[in-house]
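Biologist: I would like to learn how to read strand pairing, helix packing and backbone details, one feature at a time. Could we begin with the terms and then turn to the cases?

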Amino acid sequence: MTELTDQKQAALAAISAATNLDALEEQRVGALGKKGWVSLALKTLGQMSPDERKEAAPAIQAVRGEVAEAIDAKKAELETAALEAQFASETIDLTLPAPDQPKGSIHPVSQVMDELAEIFADLGFSVATGPEIEDDWHNFTALNMDESHPARAMHDTFYFPDKAEDGASMLLRTHTSPVQIRSMKAQGAPIRLIAPGRVYRSDSDATHTPMFHQVEGLVVDEDIHLGHLKWTLETFFKAFFEREDIVLRLRPSYFPFTEPSVEVDVGYSNEGDRRVVGGHGDAPGHDWMELGGSGMVNARVLEFAGIDADKYQGFAFGLGIDRIAMLKYGMNDLRAFFDGDPRWLNHYGFSPYDQPTLSAGVGVRP
Amino acid sequence: MKFSLTWLKDHLETEASLQEIIDALNAIGLEVEGVEDPSELLAGFRVAYVLTAAKHPDADKLQVLSVDTGEGDPVQVVCGAPNARAGMKGVLGLPGAVVPSNGMELRKAAIRGVESTGMMCSARELDLGEDHDGIIELPEDASVGHSFADFQASSPIIEVAITPNRPDCMGVYGIARDLAAAGLGTLKPIALPKFEASGACPVDIRTDDAKGCPAFFGRVIKDVKNGPSPDWMQARLKSAGQKPISLLVDLTNYLMLAFGRPSHVYDLAKLEGAIFARSAVAGEEVLALNEKTYTLDETMTVIADDAKVLGIGGIMGGEDTGVQDDTKDVLLEIAYFDPARSGVTGRKLGLATDARTRFERGVDPEFLGQGLDLLTGLITQLAGGSPSEAVHAGSPPSEAKVVAFDTALTKRLGGVDVSDDEQRTILTSLGFEVAGDWQVTCPLRRNDIEGPADLVEEVVRIHGLDKVESVPLPRVDGVARPTASPQQMLERKLRRAAAGSGLDEAITWSFLPEDVAEHFTATDDLWKLSNPISEDMKVMRPSLVPGLLLAAKRNADRGAGATRVFELGRRYFKGKGGASDERATLGVVLAGEKTARGWANGKAVSFDAYDAKAAALTLLEAAGAPTARLMVMGEAGDQFHPGQSATLRLGPKNVLARFGMVHPATLKAFDMDGPVAAVELFLDAIPAKKASRGPASFARPSFTPPALQAVTRDFAFLVPADLAAEDLLKSVRGSDKVNITAARVFDVFTGEGVPDGQKSIAIEVTLQPQEKSFKDKELKAIADTVVGAATKLGAELRG
């Protein structure tokens, strides 16, 4: 038995000294392999008497167990070390930058147009469009501005030398109001629509660009009055700015296409150099800001658009989209809207996933 | 319009405060654009008495004054004015006061070694006139120590915007009338100075153009004495921003600003024979008061004498016949010029004047005789002279409009309850005559009133728009219905798909420089503005690419690394019947570095034509175009690199998109460095999906993923070098439509082992077993079919 004990000691020492899996395998084969010394020792049991066997078997089994355990332990140890060595060689510097994923953006004007569509859809307004190159009948005459009307001259109109087939002068629409006419002619009454889009005035300075965006609103039905107009604008601004303290001031004004005509002011206060909409304009620290024109659609306009003005009446309003976008999102330079500078677009633009919805709110907070 | 509060109170008896007046003006539709209070500018200036004046020890022209400020000890002031002397009263600015003319804040200072506490002021320094020869001398009764602003009785100046429908408010009197109607006070009757007219008018006054000038009232006044106008009038004119010139000129301006009534005063000595209104002769010239010569045509009305044109009717008088300081005899003109014609003439001549503004909007036809008498009275009162009898040639419009009014309309249109009594009171106070049966006769000056809705406006604006309560619009039951049209849904989706693919949305001008626009289209029939704001914004764009290229160039010039922009907008063409044909389009420009130089990839990578193709296909897919059926064809246009651009078509003629690298010559024209890739999607060419609504339309065709695993087989072919890969793929895909579900190119190779004039294309074909797995024999048969199809294109299977 001492021979077995010696062999065991030698094997355990060799296992412990093994520096790689091959050396370990050699020990395993030498001990536990078919011709290994443990296996050979086990074979001797067959030649023993039952008594001898009774004594020798547990001892040999014990040696076998001890050696196998040592091999397994060493194997695990060597494998861990190998993995660690592999990891060490594969380690990379993850502070290095990953490949850029260009982030796209939605222009604030488009975002606000989507917000308008969303809010007004809830109020039953559809979105209408019309040509930007218009004839003077749709842009002026049908809106109760005949050729000699002084208000025409106030529109800073871009003209084309071209004439339509019926002799009408062609021009760039100065407002979105011609869409009213086209929509009423096409659909008749009752009607509820907004018409956002590009409009043009031959005016250019720090706060005016020759192209800008307007949204027109129109409601015509049998019993629509100024109270509905006020409610509609209040309701819109409350939803648009997501605040309940919107106060509107209606002032009598003049537009040839509405009668009575109403200028819409909203109360605001200054926070730093920024105007913040909300509160009563006469309250301390507050003032009024003009937001747009509106009024009850002039009966003549209804008639031009083929609507029975004895039966139907309604209101219309016009707002500057760029302007309300600036008020809501804090831009201060209109010219930058049309520059296509990625720095500006990334700062003021919107994620494509910020699709305005009523449930999430139609505004995007930074 | 600007006017002082004092002036307003000439016509309005009121106890109202300035703020109440401002609020009322805004409330009734006379929008207050600004209020200046000159007394604020004069804060810190007071009436002071010069006790002593002594020569400055170190300066010949300076004096050292001891000045009584009305409180405490006298102060010492150094003054250079020659008229400064002991015993005079003047205006002293104390330290802290800001000099109105130059914005300088006064400080205690030593002037040539002598301390000076404040400054004695000249009229010019206080912005009160041109006089700078000496300091202001105040009368002896001026009370020392009082604020100079109070002494000056300077009155706040109110500026209002008068809308074009209210010519009756283009004079202070009319504004007072509106305020009185709004309950802010009582309108004072017009004070008409008395005068004795004697003798017939020595000049024949008439109108020969009854359309352009239906009425011409006038008279002669002899022996007037021109000179400066009185202080009260000068103060009023100045508050309106009108410079005083001479009494006779100032009086006509006063009449216009106070009563909205333009008039003209001629120097009788310069007239020859009769004076009359007539149509101009085409080509006739006149030298107007602004010293410019205008060429007239026969649609215009002039005032002329027997020898010459005196002025352009309703627009501007002539230079030669105006009054001078030595004018002795004058002829007054108060005429009524037709509003529409005045506007047309003014526009044709490009001449905007205060007179035109009033005539083209319509002056009060009832204020001709009275206006003439008022002007005559003021002249005789202030400049003396003997007036002749008046001549009233022709007659102004006199037919008053009568509107049948239903007071219920106020509620129906205005949404506010106003009692019949109040409605009557309001209308009456504005000069309307209301009969018992509510036939409302409009004052002639209110030519803006067309019908009942206008009367509602009058009632509501005076009653108060703030009393209109919000009333919710009726709404449909349940959840709001969808409103977007298919086109709107497409554009919204496409916009967000483009942004989602890493592009920034830009909005660029709809107009382009002419050469740029022409470079980007095959047609030369573009929309060109007659009056562009600049040559760079002259022609409506026929393509969205150039606007984006210009943006990319600006960005490159600013040092931007990459510009990835898109725009969703319209291209403008000429359509049927002279109308415009505006086509929804999406443009993309990819410029600069697609990938900047980096630790992982090394050198910077530019955009290439495949980036453009990827963008085009991604966006067409988002737009719902049948991308699987598109053909890649040529003819992207001259603006693109001929070998690196293509069109995507649905059928040979329907171009849905073009894409590729921008032509080097185009880049050169834009002064840009390349390479630049561009894409243009023609949304109008994408076939509309069949509109389907209703619950059934949401359901998709049924589908179950195949249970058996797909297998792939690779084929490498040698093909002619000019064979389009897509052609080979199509033929491979089409060779077995049942089993082949996909085929894609995974390698293209030329070089060693590939004969000249050929290339190797390797294709991975995906085979999808249906009921049971493929047997070897079946796979072999499919492979043979694939090879057979390819062979027809000249392909040869590589060994």
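Modeller: Two strands pair if DSSP finds at least two bridges between them, and the elements themselves are DSSP runs numbered from the N terminus, with helices being H or I of at least four residues and strands being E of at least two. This is a predicted model, in which local features need pLDDT of at least 70, side-chain atom pairs count only at pLDDT 80 or more, and totals for chains, interfaces and linings use all residues. Residues are numbered from 1 along each chain as its sequence is written, chains are lettered from A and ligands numbered from 1 in the order in which they are written, and side-chain values use heavy atoms, with hydrogens and water left out.

Biologist: Which residue of β9(A) stands opposite A:E271?

Modeller: A:R274 is the residue opposite A:E271. The two strands concerned, β8 (residues 258–271) and β9 (residues 274–277) of chain A, pair in the antiparallel sense over four bridges. They form a hairpin with two residues between them, and in the turn A:G272 has a positive phi of about 65 degrees.

Biologist: What is the peptide bond from A:E259 to A:P260, cis or trans?

Modeller: That bond is cis, with omega near -5 degrees, and A:P260 is found in strand β8 of chain A.

Biologist: Where does A:N144 lie, and what is its phi?

Modeller: A:N144 lies in the loop between α6 (136–139) and α7 (150–153) of chain A. Its phi is near 65 degrees, a positive value in a residue other than glycine.

Biologist: How should I read a hairpin in chain B, for instance that of β8(B) and β9(B)?

Modeller: Strand β8 (residues 108–111) and strand β9 (residues 114–117) of chain B run antiparallel and are joined by four bridges, with B:I111 standing opposite B:V114. There are two residues between the strands, and B:R112 takes a positive phi near 50 degrees.

Biologist: What does β4(B) pair with?

Modeller: Strand β4 (residues 45–55) of chain B pairs in the antiparallel sense with β7 (residues 89–93) of chain B over five bridges, and B:F45 stands opposite B:G93 there. β4(B) also pairs in the antiparallel sense with β5 (residues 63–68) of chain B, over six bridges, where B:A54 stands opposite B:V64.

Biologist: What is the order of the open sheet of five strands in chain B?

Modeller: The order is β13-β16-β19-β20-β21, with mixed pairing. Its edge strands, each of which pairs on one side only, are β13 (205–207) and β21 (316–317) of chain B. Within the sheet, β19 (residues 301–305) and β20 (residues 309–312) of chain B pair in the antiparallel sense over three bridges, and the bridge partner of B:V302 is B:I312.

Biologist: Now to helices: how is a packed pair described?

Modeller: Two packed helices are described by the angle between their axes and the distance between the axes. Axes are lines fitted to C-alpha atoms, for helices over the stretch in contact, and angles run from 0 to 180 degrees between N-to-C directions. In chain A, the axes of α2 (residues 21–32) and α4 (residues 50–90) come within 10 Å and cross at roughly 170 degrees. The two helices are therefore roughly antiparallel to each other, given that angles under 35 degrees count as roughly parallel, over 145 as roughly antiparallel, 65 to 115 as roughly perpendicular and the rest as oblique.

Biologist: Which residues make the contact of α2(A) with α4(A)?

Modeller: Contact means heavy atoms within 4.5 Å; among the residues making it are A:L21, A:L24 and A:R28 of α2(A), and A:V67, A:I71 and A:E79 of α4(A).

Biologist: How do α9(A) and α11(A) cross?

Modeller: The axes of α9 (residues 226–241) and α11 (residues 321–329) of chain A come within 11 Å and cross at roughly 45 degrees, which makes α9(A) oblique to α11(A). In this contact A:F236, A:F237, A:F240 and A:F241 in α9(A) meet A:I324, A:L327 and A:K328 in α11(A).
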